[in-house]
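Please read it alongside the coordinates.

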Amino acid sequence: MPTLTIDNKTVTVPEGANVLEAAKRLDIVIPHFCYHEALGSVGACRLCAMKFLEGPAKGIQMACMVEAKDGMVVSTQDEGAVDLRKHVIEWLMMNHPHDCPVCDEGGECQLQDMTVAGGHGIRRYGGLKRTYNNQFLGPFVYHEMNRCIQCYRCVRTYQDYCGGTDFGVLGCNQRIYFGRFRDGPLESVFSGNIVDACPTGVFTDKTFRFHSRYWDLEEASSVCPHCSLGCATIPGARYRELQRVRGGVNKETNGFFICDRGRFGYGYANHPDRPRIPRIGDREVSWDDSLEEARGRLADIAHRHGPAAIALLGSPRASLEANYRLLTLAHHLETDRIAFEAHPERDRTARVVAALSDKNSRSLEEIRNSDFLLLVGADPLNEAPMMALAVRQAVRRGAGAALIDPRPVGLPFHAVHLPLAAGRLSEFLQAVCAGTFENFSRQERTILEGIAERLRRAQRPILIGGGDLLGAAGVRDLLRTSEKLSKEDRPCGAALILGGPNSYGAALLSGETSDFNGILDGISEGRIRALVCLESDPFTDHPDLSRSRSALAKLDLLIALDCVPTTTAEKANIFLPVKAPAESAGVYVNNEGRMLAFASVFDPGTPIRVTGGGDHPPRVFEPGTPRNPPMSAWSVLGALQNRRESLNSLRREMEGEHARLAGLASLDPETDGRRVLPGGGRFEIPEIPAIPTEEKAFDLISIQSLFGSETLSAFSPVLDPVRPVPRFLMHSADAAEIGLAAGETLRVTTDRGGFELPVALSEVMARGCLFIAHLKGSPVDLPFPGVRFAARVDRRKES
């Protein structure tokens with residue numbers, strides 16, 4: 001590791017670091033625009049000039065372009081370097097408008113900071129400035145081209161890092177323009193990252209425009225609740241309203257960027273129909289009354305029918321602490337009827353991952369540094385977008401990638417794609433273990449043997465699996481394949497995409513408990529009379545909707561805790577409002593098994609924008625938040641057990657009860673988190689009935705859509721313009737056989753009902769398959785992801 005001296009201060013940096021990074025370690029502020037830790041150095045802005053006095057480099061050089069070497073002596077205060085920086089910043093400011101008072105970037109603008117640091121304070125140029133027309137870039141990003149300083153960060157983020165193709169740089173001579181060839185919504189699902197990357201106000205968050213100034217926001221480190229990867233975020237709130245989310249930094253998960261669902265899907269916290277007051281039936285009540293009623297009715301059912309008549313249902317979107325308190329509530333009530341996921345197959349899948357993935361589990365950072373990645377049954381852009389971005393970075397560094405999936409999966413990188421049917425994914429994994437592909441066609445065998453050879457040659461291979469399509473058995477086969485391919489000097493890693501932000505954590509707590517199907521059976525047979533639901537919606541999240549709705553209608557008591565207006569919350573006999581993730585502190589355990597702490601950003605309550613009717617805030621002064629604000633879910637569940645405790649004491653209790661959670665009590669939201677300890681043991685997968693096969697039947701598979709399938713973001717109105725419409729996806733050749741054209745209506749019948757929807761066609765998918773995206777709030781009861789049916793199809797005759 002080289003040691004160098006900058007302004008008479010000595011610093012040691014990792015091999016390969018540049019001098020600008022070394023200066024930052026010494027807290028020496030050097031103006032720069034084009035450099036970004038995730039994007040690297042290009043030396044475009046010419047602003048980070050330093051004088052190199054000793055070492056291999058001499059004279060004034062751009063610090064971001066010079067690798068730190070042992071023995072270097074560098075000066076940032078050299079007269080020539082200071083003068084150059086001052087002139088460069090003046091040139092950059094020549095055409096920049098003085099519109100800071102009306103610019104949304106004001107207060108967090110790197111241009112403001114670097115202009116001062118560069119020594120420029122008085123504008124001498126009096127000529128005409130270059131001006132541009134702004135573009136419409138869709139519902140998320142606002143464009144103000146006149147503020148551009150040509151640092152190229154936006155293009156390097158959108159095109160190079162994220163793989164977008166519809167945005168770039170155009171122009172001639174001195175007229176450089178960053179935008180699209182013509183107006184239109186940005187197509188990349190990572191488009192919002194150019195807001196974070198832009199050092200000026202060219203690209204700003206349209207959903208946050210003119211809401212608040214940066215210095216007025218309450219912000220804290222948090223974790224994205226929209227998928228299982230655990231990306232770092234920084235929510236910002238004001239006046240009891242969540243107003244924006246920007247990307248945080250976690251080197252082990254997302255790095256520096258996030259997807260558009262994570263950035264713009266925060267509207268659920270401000271939803272106009274969000275239930276914020278405790279309720280008994282249709283009557284709003286105080287917290288004391290609601291808790292007393294819940295305790296009394298649970299005790300009454302336990303007395304009349306026994307403790308086993310009470311069941312509890314947790315959730316992969318509830319924090320680790322809340323799910324644990326639900327478990328202790330079960331112990332308090334002396335019942336063992338508890339599950340932590342309304343979807344039994346997702347539950348089994350998460351338990352397999354928690355039990356078997358200890359030593360081979362890989363982080364997104366390790367994926368970014370892999371040299372070969374095999375994706376099996378995974379559609380990362382729709383299921384876990386930052387997984388796709390991690391694979392892209394590996395491919396940019398020379399890694400190979402292959403995809404085995406029946407869907408026409410869109411990827412931001414080049415990969416060999418073999419569309420095997422969903423039922424053959426486990427067969428493929430078992431063939432990789434056995435080293436033979438005799439049961440595959442000649443064309444398939446050629447591709448698969450090439451993939452297997454790449455796997456054997458790679459030094460850092462990783463298998464990436466999608467939990468929904470593989471299911472518990474397929475995930476087990478993938479983990480076994482990873483173990484089989486591992487050698488002592490060359491392990492083969494695995495990364496699985498799970499259903500929710502805390503699926504792994506919920507699985508850790510599950511132990512030997514049964515799945516939710518067992519609870520539904522008990523309700524149907526009259527053995528279970530009461531159900532406590534923690535941030536779960538079994539009316540819509542169970543794969544067999546008719547079965548779950550029929551059973552739940554027989555309950556004597558339904559108690560729901562949630563922060564969004566779900567069907568379960570609406571039908572509950574007793575409803576207890578809980579804080580949204582940004583309003584509460586807690587921990588998620590991501591798909592890798594990494595415990596990630598998040599902090600409370602703001603106190604909940606009806607936003608002032610609502611209580612004031614859009615006018616001046618009410619002129620009423622109270623010591624606390626008006627009315628009965630929601631409470632943290634773990635504290636509500638503790639209150640049902642007559643517990644009053646702090647979050648730290650709860651975490652210490654959990655650490656003592658569960659050895660794998662070592663270090664939980666000391667977790668800091670500002671760190672990269674901590675892996676749970678190994679020791680999952682075994683999880684036996686119960687026998688699942690095979691899908692009945694019928695002649696001329698299609699394999700109907702429900703899949704995820706990035707915008708519309710996940711519960712919380714489904715309650716974000718900002719995402720409405722990008723939500724897809726329900727439709728079937730079918731192979732072009734299959735459609736031709738029944739005389740069906742794209743856009744025509746297809747009637748599909750299964751043993752659970754039928755659907756009539758338009759059809760889209762593709763040639764890069766498996767034959768005999770029919771895909772349908774699960775969309776929350778759809779007028780059609782679409783199947784939940786992770787479910788497959790035998791389906792009969794018929795072209796609807798147009799009248």
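The points below go through ring pairs, charges over rings and nonpolar cores in turn. The model is a predicted one, and a search of the whole structure finds 8 aromatic pairs.

**Aromatic pairs**

- Tyr132 and Tyr177 form one of these pairs, with a tilted arrangement in which the ring centres are 5.9 Å apart and the planes make an angle of 55°.
- This pair links distant parts of the chain, since Tyr132 belongs to the loop between helix 3 (110-117) and strand 6 (141-143), whereas Tyr177 belongs to strand 8 (residues 175-179), and the two are 45 residues apart.
- Both partners fall under the 20% cut-off for burial, Tyr132 with a relative accessible area of 12% and Tyr177 with 15%.
- Tyr588 and Phe598 form another tilted pair, for which the distance from centre to centre is 4.8 Å and the angle between the planes is 35°.
- Because Tyr588 lies in strand 26 (residues 586-589) and Phe598 in strand 27 (residues 594-598), this pair ties together parts that are 10 residues apart in sequence.
- Tyr588 is buried at a relative accessible area of 2%, and Phe598 likewise counts as buried, at 4%.
- Elsewhere, ring pairs join Tyr158, Phe167 and Phe203 into a cluster.

**Charges over rings**

- The charged end of Arg209 is placed over the ring of Tyr142, at 3.5 Å from the centre of that ring.
- The ring of Phe208 has the charged end of Arg244 sitting over it, in this case 4.9 Å from the ring centre.

**Nonpolar cores**

- The largest nonpolar core holds 172 residues, and the members that touch the most other members are Phe203, Ile367, Leu374, Phe428 and Ile464.
- Helix 8 (residues 320-333) gives the most to this core, contributing 8 residues.

Definitions and conventions
Residues are numbered from 1 along each chain as its sequence is written. This is a predicted model: local features need pLDDT of at least 70, side-chain atom pairs count only at pLDDT 80 or more; totals for chains, interfaces and linings use all residues. Side-chain values use heavy atoms; hydrogens and water are left out. Rings of Phe, Tyr and Trp (its six-membered ring) pair if their centres lie within 6.5 Å; planes under 30 degrees apart count as stacked, over 60 as edge-to-face and the rest as tilted. Helices (H or I, at least four residues) and strands (E, at least two) are DSSP runs, numbered from the N terminus. Buried means under 20% relative accessible area, exposed over 50%, partly exposed in between (1.4 Å probe, protein chains only). A charge sits over a ring if NZ of Lys or CZ of Arg is within 6 Å of the ring centre and within 35 degrees of the ring normal. A nonpolar core is a set of buried Ala, Val, Leu, Ile, Met, Phe, Trp, Tyr and Cys residues joined through side-chain atoms within 4.5 Å.
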